Structure formats: C-alpha cells, structure tokens
Amino acid sequence: MRGWIDIATLAKPKNLKGGLVARGASGLPFLLYPGLKLALVPPVTDAPRTVTVASAEDRADNEALVFFEEVTDLTGAEAIAGCHCLAREDAVDLSVLEDAEELPDWEGWTVYDQAAGLVGTVRSIDERATQPLITVERPEGGEVLIPLAEDFLVDLDEEGRRIDMALPAGLLDL
C-alpha cells in the first residue's frame, strides 16, 4: 500500500463560487490537477473530508486558484481554508523530484534535541515523496522517525558525528 503525501495547503478563500488559493506544500512544486482526489486535514466539522479538484488556475509560482467539485460557495471554502491536502503517492507525478539533492550519510551519528537531550543514533535516512525521514534508534529501545527539515536542524558537528535539533513538542512521545 502506498502512502499519503501532503502536497498543498489551502491558504484562503478567493471568491463567492468556492475558489481557494492553494500553495504547494513541503517545498514541492504545485501538483494539483483536475480529477485528483484529496483528503483534507485536519478534518473540519460540517465540511467535506475528501474533495476532488475541479480546476486549478496558476496564479504565481507554486500557487493556484483551485476549485473543488464538493465546494460550491464561499461558506464551504471558508470552512476548509487552512487545511492541508493529502494525496496518494501513486496519484501525483513525483518525477519533478528527480533532481533533488543527495541525502546526507549520517548513519551512526548521534541525534540530540535541545529540550529532550539524547534522542538516539541515526539508523538511516529514507527518501519520501515530500521530505526525507531520519530513522533514529532510541537508547531505551524502539525508533522514532524525524522529518529532515532545515527548520529542525540547529547544528551539525561532522567531527563529532553529532546532530543537534530543535524538535517540535510531542514528536518524541511514543
């Protein structure tokens, strides 16, 4: 079974017919196209949880005016503004990521969080559609997956093979 990827964020309603400004998420180019089925997260009460792209009109770099078959007015658009659009990996063209940078070789490096201290040792870095994930073995057993996000990296000590990070609250809770 293939996974889901976060490909866009619904920034704001744009017109009375239910259009929304959507932006490519996670550093991806804009990948929405007519007919694409999406799951919206977080789910909103009294709003669709899944939608189908009716049209996407380019507005600017990595941004478009998007209409969904299930959203036909401003009220519906306001309800889902701020949601992320998740698509199945096999439903989007990920060939645009082929020129991505090579992943670092941090296997065996030690990971520390500014708040929690020692997180563990890097087992691998796995390429994902939107963002690589660092698999870290925990000293107490088990493992944790950490998104390889520039915002989380605080310092890299190549000589000491140490990665210092500022991880979001709750990421290390098992």
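## Close-up views of a predicted model

**View 1. Arg23 and Glu63 face each other across two strands.** Arg23 stands opposite Glu63, a residue of strand 5. Helices (H or I, at least four residues) and strands (E, at least two) are DSSP runs, numbered from the N terminus. What you are looking at is a predicted model, in which local features need pLDDT of at least 70 and side-chain atom pairs count only at pLDDT 80 or more, while totals for chains, interfaces and linings use all residues. Residues are numbered from 1 along each chain as its sequence is written, and side-chain values use heavy atoms, with hydrogens and water left out.

The two side chains also form a salt bridge, with 2.7 Å between the closest N and O atoms. Glu63 belongs to strand 5 and Arg23 to strand 2, so their contact ties together parts that are 40 residues apart in sequence. A salt bridge here is a side-chain nitrogen of Lys or Arg within 4 Å of a carboxyl oxygen of Asp or Glu. As a reminder, side chains of opposite charge can pair when their charged atoms come close.

How do the two partners differ in cover? Glu63 is buried, at a relative accessible area of 13%, whereas Arg23 is partly exposed at 37%. Buried means under 20% relative accessible area, exposed over 50%, and partly exposed in between (1.4 Å probe, protein chains only). Arg59 joins Arg23 and Glu63 in a network of salt bridges.

View 2. Strand 2 (residues 20–24) is mostly covered, with four of its five residues buried. Strand 1 (residues 4–13) runs antiparallel to strand 2, joined by five bridges; strands count as paired if DSSP finds at least two bridges between them. Look for Pro13, which stands opposite Leu20 in strand 2. Strand 1 and strand 2 make a hairpin with six residues between them, and Gly18 in the turn has a positive phi of about 95 degrees. Strand 2 also pairs with strand 5 (residues 63–68), again antiparallel, over four bridges.

**View 3. A hairpin is formed by strand 9 and strand 10.** Five bridges pair strand 9 (residues 133–137) with strand 10 (residues 143–147) in the antiparallel sense. Val136 stands opposite Val144 of strand 10. Five residues lie between the strands of this hairpin, where Gly141 takes a positive phi near 105 degrees. A salt bridge connects the side chains of Arg138 and Glu140 (3.1 Å, N to O).

**View 4. Arg123 reaches Glu143 on strand 10.** The salt bridge between Arg123 and Glu143 has its closest N and O atoms 3.1 Å apart. This pair links distant parts of the chain, with Arg123 in strand 8 (residues 117–126) and Glu143 in strand 10, 20 residues apart. Arg123 is partly exposed at 37% relative accessible area, and Glu143 is partly exposed at 38%. The structure holds five salt bridges.

**View 5. Cys85 sits in strand 6.** Buried or exposed? With 0% relative accessibility, Cys85 counts as buried. The residue belongs to strand 6 (residues 84–88). Cys85 and Ile5 are 80 residues apart in sequence, yet their C-alpha atoms are 8.2 Å apart in space.

**View 6. The loop between strand 3 and strand 4 holds Pro42 and Asp46****.** The peptide bond from Val41 to Pro42 is cis, with omega near -5 degrees. Pro42 is found in the loop between strand 3 (37–41) and strand 4 (50–60). In this loop too is Asp46, which has a positive phi near 60 degrees although it is a residue other than glycine. Asp46 is exposed, with a relative accessible area of 80%.

**View 7. Arg161 shows a positive phi in a loop****.** Arg161 lies in the loop between strand 11 and strand 12 (162–165). Its phi is about 50 degrees, a positive value, although Arg161 is not a glycine. At 38% relative accessible area, Arg161 is partly exposed.
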